Amino acid sequence: MSDPVTLARQWIEGDPDPVTRDELQALIDAGETAELAERMAGSLQFGTAGIRGRVEAGSNRMNRAVVIRTTAGLAAYLESQGSGLVVVGRDARLSSEAFMADTVAVLAAAGIPVRYVATPVPTPLIAYAALRMEARAAVVITASHNPPEDNGYKVYDANGAQIVPPADGDIAAAIAAIEAAAEVPRLEFPYVSDQVAEVEPDLFAAYLDDLAAARPASPPPGDLAITYTPMHGVGGRFVVEALARFGYHQVRPVAEQFDPDGRFPTVAFPNPEEQGALDLAKAQAERDGSDLIIANDPDTDRLAVSVPDPAGGWRPLSGNQVGVLLANYILTHTTEPRPIVINSIVSSPVLAAVAEHHGAGFAQTLTGFKWIWNAALELEAAGQGLFVFGYEEALGDSVSRQVRDKDGISAAVLFADL
């Protein structure tokens, strides 16, 4: 095996980005062999939904060269499967715009048609767009609730769910066969290519229409006073608009955390489960006399909830509590004669008891929504019933069939209804 300095020099030769080339060269010049060894220790592994890591130079990091090679491998895999449309979107992390441009440039140069959303957008909306447009795949540049230094590359398959074996292994093999990133064909101006176009501007309106059709028929809700934070992520205007559409007009955003900001300046870790992450929201809810606190993670696929504690202050609900409450609510109001609910093996078995009470089907899967939704599709194909709800203890909920993944927008609406 080559020494890390040799590997770093080889990587520099094949890296089209002058910023990361200089970054690696500076480490070589400074004799930082331990750091180089870590940065060049293989490649980020393409697995659960894609890749994710710290944004730095090197083969074992997230950077433009890694994104370009990953996209070239994905393109080769799609071409082997007959190709088709790919939908691409991104969050608001500092590197996401550049990574999305490289993704679009490589796909278009490979002759693959692309539809993209130009501005930062919640991950569930890209999953929704791909399913609505019958895309062959979707890519979202996001690191969800990871630290600010990270970014990622998430892939959805033709069925609208995240990729599972053997697709993930086949894509990983295709990536491994790609030569240096500098040799990968890319369009210089990808967004003016005939292969590339923006997703139609009515995407979110269509999402809300579909959510209205799927929303359980329950008594009209009162207009709750809700304190809301998107945690410096991309959910702000989308969640506020969704709540307003369904009758919630007293939504009071946490101003310091409302606008997308990839630096996440007010939190040590942009995950609503982390200690202290909701301190600003709790303080505002106390001042405003709110009935409910809801929060999303930065890419808006998770929902966190806090409720007033009779003893004073605010009580955060666990992901299991939110999931079981939503399951009971949906099963109480569903008109589906054979509903199915699913959670993962790391989540509470209480869901089985709730399902039994309502006469619903129940299943558990391996960890991850890729398994929950693929299991749901398999059960439906086998004639076992219709999937109506799934959740995972890490604040992920799937409350409607329009997004085959966890979705913090629709989950926020239904929890407010509850």
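**Exercise 1.** Which residue in β9 is the bridge partner of Thr229?

*Solution.* The model examined here is a predicted one. Begin with the pairing of the two strands: β7 and strand β9, which covers residues 292-296, pair in the parallel sense over four bridges. Then look for Thr229 in this pairing, where its bridge partner in β9 is Ala295.

**Exercise 2.** Describe how β7 pairs with β8, and follow the chain between these strands.

*Solution.* Strand β8, made of residues 250-253, pairs with β7 in the parallel sense, and four bridges join them. For Thr227, the bridge partner in β8 is Arg252.

**Exercise 3.** Decide whether the residues of β7 are buried or exposed, and sort them by the way they point.

*Solution.* Ala225, Thr227 and Thr229 point one way from the strand, while Ile226 and Tyr228 point the other way. Since five of the five residues of β7 (residues 225-229) are buried, the strand is largely enclosed by the rest of the structure.

**Exercise 4.** Work out how α11 is oriented relative to α14, and which residues meet.

*Solution.* The axes of α11 (residues 319-333) and α14 (residues 408-417) come within 10 Å and cross at roughly 70°. Therefore α11 is roughly perpendicular to α14. From α11, Val322, Leu325, Leu326, Tyr329 and Ile330 meet Leu414, Phe415 and Asp417 of α14. Sorted by class, this contact holds seven nonpolar residues, no polar residues and one charged residue.

Conventions. Residues are numbered from 1 along each chain as its sequence is written. This is a predicted model: local features need pLDDT of at least 70, side-chain atom pairs count only at pLDDT 80 or more; totals for chains, interfaces and linings use all residues. Side-chain values use heavy atoms; hydrogens and water are left out. Axes are lines fitted to C-alpha atoms, for helices over the stretch in contact, and angles run from 0 to 180 degrees between N-to-C directions. Angles under 35 degrees count as roughly parallel, over 145 as roughly antiparallel, 65 to 115 as roughly perpendicular and the rest as oblique. Contact means heavy atoms within 4.5 Å. Ala, Val, Leu, Ile, Met, Phe, Trp, Tyr, Cys and Pro count as nonpolar, Asp, Glu, Lys and Arg as charged, and the others, Gly among them, as polar. Buried means under 20% relative accessible area, exposed over 50%, partly exposed in between (1.4 Å probe, protein chains only). Two strands pair if DSSP finds at least two bridges between them. A crossover is right-handed if, with the strands pointing away from the viewer, the path from the first strand over the helix to the second runs clockwise.
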